[in-house]
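Colleague: I have just opened this structure and would like to learn how to read it. Could you walk me through it, one feature at a time?

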Amino acid sequence: MFGLFKKEVLFDKFRLQSALKMAVTRLQMQRTKKDNQLKQLRRELAGLLRSKKTESARIRVEGLIREGFVMDALELVSLFCELLGSRVQLIAECKTCPPDLAEAASTLVWVAPRLEGVPELLVVREQLHRKYGGEFTRQAMENTAQTVNERVLRLLSVVVPEPYVCVQQLQQIAEENEVPWDEATAAALLHPLSGVLACGGGGGASSSTGSSVSEELPLPSAVLRAPSGGGGGCSSSSRGGGCP
């Protein structure tokens with residue numbers, strides 16, 4: 001009998017706001033941790049190049065590039081968390097997701113189970129599910145409405161970097177650490193893998209596996225050792241918006 005009167009689990013704006021704030025902190029911690037790991041990996045790659053273990057370096061540099069993409073994704077996700085955190089009251093007042101928050105909300109729902117070490121994103125997804133319903137969550141998870149940020153989708157996709165991109169990174173690491181590098185080294189790494197002997201990869205050469213990292217995205221800022229904060233910004237409007 002008592003089962004007929006189950007208590008409805010309602011949206012809690014305070015829980016959402018707290019989770020968003022904690023997520024921003026956690027994402028920054030993750031970025032700092034990965035940055036230190038990438039610095040260590042660059043030193044190890046320099047050691048491999050110095051020891052003439054170029055093929056081992058060629059394989060391991062793929063991990064460097066992929067982790068760099070994850071770092072850029074973490075920055076974008078943090079921006080989306082900050083955006084929703086500043087609009088919690090608007091979210092609470094609207095029955096449906098405001099158009100200018102659709103990208104941020106959908107992206108956080110999509111990315112929540114894909115980023116390890118940030119459990120607060122699962123709480124954010126849960127609260128958005130309670131607020132906007134199962135259909136909103138389903139569309140975000142499957143990206144059927146194409147509202148998930150395209151750059152985040154690409155950054156977190158599992159794509160093997162093109163061989164010439166890997167070689168470019170190894171050449172940069174060699175130059176930074178004063179390790180001898182010549183065109184013969186680059187050609188030896190490229191030839192058995194792709195047949196592309198020019199780092200520019202011109203002539204429309206394509207990978208047999210389809211799309212490539214180099215065609216879709218610039219190299220991650222963390223890998224290029226560029227100043228932080230230069231990553232792609234959140235494309236959602238920073239201005240206030242009303243309920244649809």
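This is a predicted model: local features need pLDDT of at least 70, side-chain atom pairs count only at pLDDT 80 or more; totals for chains, interfaces and linings use all residues.

Colleague: Is Leu 121 buried or exposed?

Modeller: The general idea is a cut-off on relative accessible area: buried means under 20%, exposed over 50%, and partly exposed in between (1.4 Å probe, protein chains only). Leu 121 has a relative accessible area of 0%, so it is buried.

Colleague: Which residues does Leu 121 touch, leaving out those up to four places away in sequence?

Modeller: A contact means heavy atoms within 4.5 Å. By that rule Leu 121 touches Ala 23, Val 77, Cys 81, Leu 108, Val 111, Ala 112 and Leu 115, when residues up to four places away in sequence are not counted. Its C-alpha atom is also 7.7 Å from that of Val 109, which is 12 residues apart along the chain.

Colleague: What should I know about a nonpolar core here?

Modeller: In soluble globular proteins, nonpolar side chains tend to be buried together. A nonpolar core is a set of buried Ala, Val, Leu, Ile, Met, Phe, Trp, Tyr and Cys residues joined through side-chain atoms within 4.5 Å. In this model the largest one has 65 residues, and Leu 45, Cys 81, Leu 84, Leu 108 and Leu 121 touch the most other members. H2 gives this core its largest share, 15 residues. As for Leu 45, its contacts beyond four places in sequence are Ala 57, Arg 60, Val 61, Leu 64, Leu 170 and Ile 173.

Colleague: How many disulfides does the structure hold?

Modeller: A disulfide is a pair of cysteine sulfur atoms within 2.5 Å. The structure holds zero. Take Cys 97: the nearest cysteine sulfur belongs to Cys 94 and is 8.5 Å away. Cys 97 is buried at 16% relative accessible area, and Cys 81 is buried at 1%.

Colleague: Why is helix H4 largely enclosed by the rest of the structure?

Modeller: Look at its residues: 10 of the 10 in H4 (residues 102-111) are buried, so the helix is largely enclosed. Among the buried ones are Glu 103, Leu 108 and Trp 110. The cover includes helices H1 (13-50), H2 (54-85), H5 (120-132), H6 (134-142) and H7 (150-155).

Colleague: How do the axes of H5 and H6 cross?

Modeller: Axes are lines fitted to C-alpha atoms, for helices over the stretch in contact, and angles run from 0 to 180 degrees between N-to-C directions. Angles under 35 degrees count as roughly parallel, over 145 as roughly antiparallel, 65 to 115 as roughly perpendicular and the rest as oblique. The axes of H5 and H6 come within 6 Å and cross at roughly 130°, so the two helices are oblique to each other. Arg 125, Leu 128, His 129 and Tyr 132 of H5 meet Gly 134, Phe 136, Thr 137 and Met 141 of H6.

Colleague: And how many helices and strands are in the chain?

Modeller: The chain has 11 helices and zero strands, and 42% of its 244 residues are buried.

Technical notes. Residues are numbered from 1 along each chain as its sequence is written. Side-chain values use heavy atoms; hydrogens and water are left out. Helices (H or I, at least four residues) and strands (E, at least two) are DSSP runs, numbered from the N terminus.
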